[in-house]
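User: I have a two-chain file open and want to go through it before using it. Can you take some quick questions?
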Amino acid sequence: MPADRPQRKTFPWIRAFIGTAVVGALIVVGAQIFEQQLHPVKPGGTPPPRVPNADFPTDTFDGKDVTQPINYSHKLHAGDLGINCLYCHTYARRSKVAGIPPTAKCMGCHTVVGTEKPEIQKLTAMWSKGQSPAWKKVNDVPDFVHFSHERHLQRFLLNNKDMNIKDSPDVCAMCHGDMNTVGVAKKMKPLTMGFCVTCHEKNKGPADCTRCHK
Amino acid sequence: MSKTKIDRRNFLKVLGLGSAGAALAGCDMPSYVTSDEGKENIYSYLAPEEYVIPGIGVWYASTCQQCPASCGVHGRVREGRVLKLEGNPDASVNKGKICQMGQAAIQGHFHPERIENPLINGQKATWDEALALVAKKSGGAAWLTGAMSGHQRVLIDAHRTAGGNARHYAVEVVNARPWEDASLATLGDANPNLHIDKARAVLAVGADFLGTWGNPVKSMRDYGNFRSAPRGVLMSIEPAMSMTGANSDIWVTARPGSEAAVLMGVGHILTTKHGVSVADMPSAALAFADMTPTKVLGLSDVKEEQLAKIADTLMANSPSLILANANHDTAKVAQVLNMMLGNVGQTLTPSAAITAEALLPVTGSSKDLVEFAMDAKAGKISSVFISGTNPVFLAPSKLDMAGALAKVGFKVAIADFHDETTTACDVVLPASSALEAWGTHVPVDGSDAGEVYIQQPLMENVHANTRGLGDILLAVAKGAGVDGLAEFEDYYGYLRTAVSALIGSDLEGDWNSILQKGKAVTAVNHSNFNAGGDVALGFSEPAAKAGTLTLITSARQGLFDGRHANLPWLQEAPDQISKAVWDSWAEIHPKTAAKIGAKDGDYITITSANGSITTRVFIYKGIHQDAISVPMGRGHTNYGLYAKNGVNPLSLLDASSGDRQTTELLNSGVSVTVKPTGDNRHLVRLMDVDSQHGRKLAATITADQFDRNQGGA
């Protein structure tokens, strides 16, 4: 009587498993390629500014041109006229959010400055009716991410001994790109988790999950 | 060679893997897809106050309106929205604490079912149309409200006086009326200040001061001090366990309706065994002498040892405090015992009401509910304003409140939600939530400090076309031609002037400091007790015989009298005793359950002379064998999507039993019969089982160990 040949263990579902894995991988990779095509990342461009005691994130993002209720220009106000970011976005150093400046701040100048311009007249009309413009959000992180402008400004600007408050555009540019060149606003950095984590690694920021995902 | 064969098992494996793959793919989607550019609007402030910073909350003081206690609150406001309430530390009744009902005010405020526009006969109308109709047809109108105080009460009184002095019915089914009446009869003070924190022993008889009686937040704080060293002893006598009973060291269960006899039995032992003198109250002495422990046992199933233990504890821990709300008889015995034990002046002190009497609270009772129905049916009420109460839901079916309301010619509801009552009204005026309106409130309980709490809006109206209760009252009063109101454009202006008169200053700084603290401080009348000497004590034997079931409609913090049934936060908060959520249940003793042949989760039909309800059994040892307890609050028929569940035990009560003057609905104790329907469905409860599965989640020691190691009572 011949001895029983040891039965080789078979995996009848291995093909189905491999097939499913391939389909899953295709979905993942496909989704990412699809996203890349929607927002092609352009490398290069002007060299980034230098922030002392910090590693400047180099990733860029080519955001959409979003139509806004008033055709405000960062290029004019911040670039040509040299108004400090923190003059208008004054909440950035005190709060989680940088905030859109209150209309009262705009009207502080524009009751006398540029009153002949149609965009200013649009703003003045809203102001006199007690309405604030419905700006479209451009830079945003998902609701499950807790990001604090205050902490980041403390680290890179206010508590950075080699920085002066007048250099705030360089610090803001780390995450917002060079706002001195754009109109109302444009997303110029990806603001993805990869972007955040890379910068946290290079600048020795906190790495525990619960710092951002509370 | 292996054969690939798709059988059921393999099919499931592939399906599982496929799903997992798809889920993984989903997880890996780039996160910026969810926060794409230009998708969301962002608005700036127009001209904010200097201290307003987006992303950082500012706290404003206001007053909670979730129950009649009127606790002071602070609301966190961020970007123009109120997000969270906490107690106001400057408010002496609650000193920085609030309860779960207060926390849930936020949910009522942002609730999707709020009434947004005035309605005439159910049709959308403008404010001008609605107010014109109200002014035309509401001459001589009565008012049907919940407990009411402050300048809202002043305006209601002014409206009534101008229109022929119709009655103001104040309805609160969960109330302290038996205690108030007994205190007035024995001490000459309806709301003496209670000092639970100064007592060394507290005996609660149907007064659930840790749950719903009086101001539970204040009582809980005092209870905390009462329990810290030297630890006070808490005792309870009640037919079904309440929050207070659950926290007691000695819990005695008595047959429903026999509480007065048990307390008299305690009095009997105090006089005979401990020689406490009742010489100056001969009628009381007679009643105590008559109520022998044997008699008490027959009436209430409470044994002599239990009575003796309560009496001994009261003697050993002086001063004590006896609180009773089970019924008028019981509350009277309690006050007599308080006098005998020397608690009056120590743990019970005279109230000090503010001198501005027009602002004092009108406390509610169910007597007003019954009388409203009777007056309406008799055709004595031509028109009525209804605000802050839901008579159609609260009234027992025997009262036929819907029929009574139909007899009233013109009915106006001032409400923020549709309920059983608003649908019966001709005009519905949409009220702002309590967090959007101005008002003043005077707490009933314990404010010697002469405080008048200010309710200020914590944010703009969520629905632009609603108005604050005060604004509506002002418009209605103006429409009725009340003198002296023409100069006030809105209720804010009226309050500002009235509060300035109250504090004797109209300086901007003083007003701002009032708003900041959430209270105005005014003069008080210090009074003295006026004990009336001898007190006649009575005990009427309950109609239900031993061995038959009596329905108890227990009040619980959460849904309260049903007004919070539309708030999912409170529906899903587990009941304090049964841990059940989102549905009604009936608590019965295991022996009763065995008798009727019901097990946990069985549906039973509870039938009284006035109707029947069907709900599930929850078998529980903390209830007398002759009692069946169905907590109230659920069983709405028209209170929105979230309040559809459960049954309303109030409908079974008998509003005409006993003397209406002295019988509160909740203590009326109706006889019921119970029959299982044969259906069973698991009652959803937090924790679900009583076993800790050997994990010592809550460590326990035996009573013997405790006595030896901790020196317990």
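User: What pLDDT does chain A average?
Analyst: This is a predicted model. Chain A averages a pLDDT of 85, and 87% of its residues score at least 70.

User: Which elements of chain A have the lowest and the highest mean pLDDT?
Analyst: The lowest is helix H1 (residues 14-38) of chain A, with a mean of 75. Helix H5 (residues 118-129) of chain A has the highest, 94.

User: And where does pLDDT stay under 50 in chain A?
Analyst: Over residues 37-41 of chain A. The model has six contacts for that stretch beyond four places in sequence. Where pLDDT is low, the predicted coordinates should not be read in detail.

User: How many helices and strands in chain A?
Analyst: Nine helices and one strand. From the N terminus the order is α-α-α-α-α-β-α-α-α-α. Buried residues account for 19% of the 214 residues in chain A.

User: Switching to chain B. What does the domain assignment give?
Analyst: Four entries for chain B: domain 1 (54-110 + 432-465 + 487-525), domain 2 (114-172 + 364-431), domain 3 (177-353) and domain 4 (549-680).

User: How far apart are the C-alpha centres of domain 1 and domain 3 of chain B?
Analyst: They lie 35 Å apart. The contact involves 15 residues from domain 1 of chain B and 11 residues from domain 3 of chain B. On the domain 1 side, eight are nonpolar, three polar and four charged.

User: What's the strand order in the seven-stranded sheet of chain B?
Analyst: E6-E5-E18-E17-E16-E7-E8, an open sheet with mixed pairing. Strand E6 (123-124) and strand E8 (168-170) of chain B are at the edges, each with a single partner strand, so one side of each has no neighbour in the sheet.

User: How do E5 and E18 of chain B run, parallel or antiparallel?
Analyst: Antiparallel, with two bridges between strand E5 (residues 119-120) and strand E18 (residues 427-430) of chain B. B:Leu119 has B:Val428 as its bridge partner in E18(B).

User: Which residues touch the most other members in the largest nonpolar core?
Analyst: B:Ala373, B:Val412, B:Ile414, B:Ala586, B:Ile606 and B:Ile628, out of 138 residues in that core. Helix H17 (residues 469-479) of chain B gives the most to this core, seven residues.

User: What is B:Val412 in contact with, leaving aside neighbours within four places in sequence?
Analyst: Its contacts include B:Val134, B:Phe385, B:Ile386, B:Val427 and B:Leu429. B:Ser138, B:Cys425 and B:Asp426 are also among them.

User: Which residues does the second core include?
Analyst: That separate core has 61 residues, including B:Trp213, B:Phe226, B:Ala261 and B:Phe539.

Methods. Residues are numbered from 1 along each chain as its sequence is written. Chains are lettered from A and ligands numbered from 1 in the order in which they are written. This is a predicted model: local features need pLDDT of at least 70, side-chain atom pairs count only at pLDDT 80 or more; totals for chains, interfaces and linings use all residues. Domain bounds come from an automatic or database domain assignment. Two residues are in contact if their C-beta atoms, placed from the backbone, lie within 7 Å. Ala, Val, Leu, Ile, Met, Phe, Trp, Tyr, Cys and Pro count as nonpolar, Asp, Glu, Lys and Arg as charged, and the others, Gly among them, as polar. Two strands pair if DSSP finds at least two bridges between them. Helices (H or I, at least four residues) and strands (E, at least two) are DSSP runs, numbered from the N terminus. pLDDT is the predictor's confidence in each residue, from 0 to 100. A nonpolar core is a set of buried Ala, Val, Leu, Ile, Met, Phe, Trp, Tyr and Cys residues joined through C-beta atoms within 7 Å. A residue is buried if 20 or more other C-beta atoms lie within 10 Å of its own, exposed if 12 or fewer, and partly exposed in between; C-beta atoms are placed from the backbone.
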